[in-house]
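I opened my notebook to look up two spots in this structure. Here is what I jotted down.

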Amino acid sequence: MKRIIGYYLRPYYGRMAVGFLIKFLGAVMDLFIPWILAYVIDNVIPVGSLRLIFLWGGIMFVCSILAVSFNIIANRMASRVASDATQTIRHDLFAKTMYLSARQTDAFTKPSLISRLTTDTYHVNQMIGRIQRLGVRAPILLVGGVLFTMSLDPVLSGVLLLVMPVLAAVMVTVSRKGMPMYRRLQSCVDSFVCLVREDIAGIRVIKALSKMDYEKDKFDRINRMVVTCERNAERTMAVLNPAMNMLLNLGLVGVILVGAFRVNAGTSEVGKILAFMTYFTIILNAMMSISRMFVIISKAVASAARIDQVLGCGEDLALLGETEALPEENEEADEIVFEHVVFSYNKNEPNLKDISFTVKKGEMLGIIGSTGSGKTTLVALLMRLMDADEGRVLIGGRDVRSFDKEELRSRFGVVFQNDTIFEDTIYENVRMGRALDGEAIGRALHYAQAEEFTEEKVKNEGAMLDIRGANLSGGQKQRVLIARALAAGPEILILDDSSSALDYRTDALLRRQLREHFRGTTTILIAQRISSVMHADHILVLEDGEMIGYGTHEELMKTCEVYREISRSQTGDMAC
């Protein structure tokens, strides 16, 4: 919350101060009306002067108009400040999310980040707006109402003052219990978003396996958990309104009884009693507003803490203090070098163990291995989505940790294993905001064997692809993604299982285009097919994070049993 108030609201302090002043004047106008009413009843009406009655009536009318006008102006200003501040918070939160490392993203989880960007920022927006609208008006009406009642009749106001400490104690106690409940509620919402996100993304698989009832049961469980947490939090905070009503009504009963005795004794007047009743209503509404504000603040404090966790997250992939380089004679020769690299996701058991290899500029490295062997992890370390625990990864003689992230990743063209097609044109899906013209995109689509089904759509830039490329086949998606990777002419091309949906003919044509048009590009090809990697300059075989084979296809067929077994299972050649 300190970051929200001290940083994001700082540019709006001047505007908020003006809004507070206008709100203050509007609240004062509201407070004057019952006092004028009491004065008219007790002092003007007994005189019998119509001129004075109309005069004071006109003053009451002017006060009412000013109160309404000031409140409308202040509310509009408050809404503008809240929306502008929330826009900045949401922008910075999204930007921070984009630059989180893979480890940090996994730690927060994607559903939680989505929830923080949506639900949590909404709660903060509500708090900023309500604080300006009710946070000024309600306390002024409360304190002002008490002061005006004391000026009218100190004895009667003393009855109300007896109730105030009890009200304050109830509000503090309930709020202390409610805030942790809202934090638990937000954690449950994260799990809820995660399940919905997975089910919507995998709806076709669920239907294909007839698991709709199974997923519905899972949804019902998490939905009940969210409802239970929300109900517990709301039940706790719901104590405020009835408790305050009861206490204030008891105070009102006391005021009426004491007032009746005082009027009967001639020590008070009817007009003061009526004004006192009006002030009591004002005080009651002010207290109700404050209680509602406590609920909103309770939610916002929990949400602000979750937002601050992301915004305050430190740089996980800091640059090295000095640029590290290989000896000068090797800088031109070796494009990519892994030196005794060790990496672990949980920091207990290594997922990659002592990986060392070299790929020279323009060469192709094929990587093959069973699922979970560490193939994609190697790519993540090369692109510095994560840092190795031990050893070094170098490009052109420099440790990847010495590169600026934008400089490093501009060298790559990459197709990830589970890559994304956006709901946009094919043109924009390939361009991705880069300075690429239509000719470059057309060439990339041609090289990726995607020209046949995209030619008309590229010409018609309004032709949209569905979200996640739902209106494309699996092979068509992969070809569009490969075109995206090729379009900028990368120095290093990474294809992570990007041809699994391609037929053998298209796969062969693609590899031929890479050989003919990207000879100077260093290529890392991760594949499940022997046919995809067998023509690579080097092939790396991984098994449980260990490097069990490295060499050409012919060398590995002689020296690596696992590689021979993969080849035998795919080609059916028992003589291998």
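This is a predicted model: local features need pLDDT of at least 70, side-chain atom pairs count only at pLDDT 80 or more; totals for chains, interfaces and linings use all residues.

**Entry one: a helix pair**

Residues are numbered from 1 along each chain as its sequence is written, and side-chain values use heavy atoms, with hydrogens and water left out.

I noted that the axes of H2 (residues 13-44) and H5 (residues 110-152) come within 9 Å and cross at roughly 30 degrees. H2 passes H5 in a right-handed crossing.

Next I listed the contact (heavy atoms within 4.5 Å). On the H2 side I found, among others, Phe20, Phe24, Asp30 and Trp35. On the H5 side the residues include Arg133, Ile140, Gly144 and Phe148. Sorting the residues of this contact gave me 13 nonpolar, five polar and four charged.

**Entry two: Asn351**

Where does Asn351 lie? I found Asn351 in the loop between strand E1 (334-343) and strand E2 (352-360). Asn351 has 29% relative accessibility, so I wrote it down as partly exposed (buried is under 20%, exposed over 50%, partly exposed in between).

Leaving aside neighbours within four places in sequence, I saw Asn351 in contact with Phe343, Ser344, Tyr345, Ser373 and Gly545. A polar atom of the Asn351 side chain lies 2.7 Å from the backbone nitrogen of Tyr345. I also checked Gly374, 23 residues from Asn351 along the chain: their C-alpha atoms are separated by 6.5 Å.

Technical notes. Axes are lines fitted to C-alpha atoms, for helices over the stretch in contact, and angles run from 0 to 180 degrees between N-to-C directions. Helices (H or I, at least four residues) and strands (E, at least two) are DSSP runs, numbered from the N terminus. A crossing is left-handed if the near helix is turned anticlockwise from the far one by less than a right angle, and right-handed if clockwise. Ala, Val, Leu, Ile, Met, Phe, Trp, Tyr, Cys and Pro count as nonpolar, Asp, Glu, Lys and Arg as charged, and the others, Gly among them, as polar. Buried means under 20% relative accessible area, exposed over 50%, partly exposed in between (1.4 Å probe, protein chains only). A polar contact is a pair of N or O atoms within 3.5 Å; within protein, one must be able to donate a hydrogen and the other to accept it, and residues adjacent in sequence count only if both atoms are side-chain atoms.
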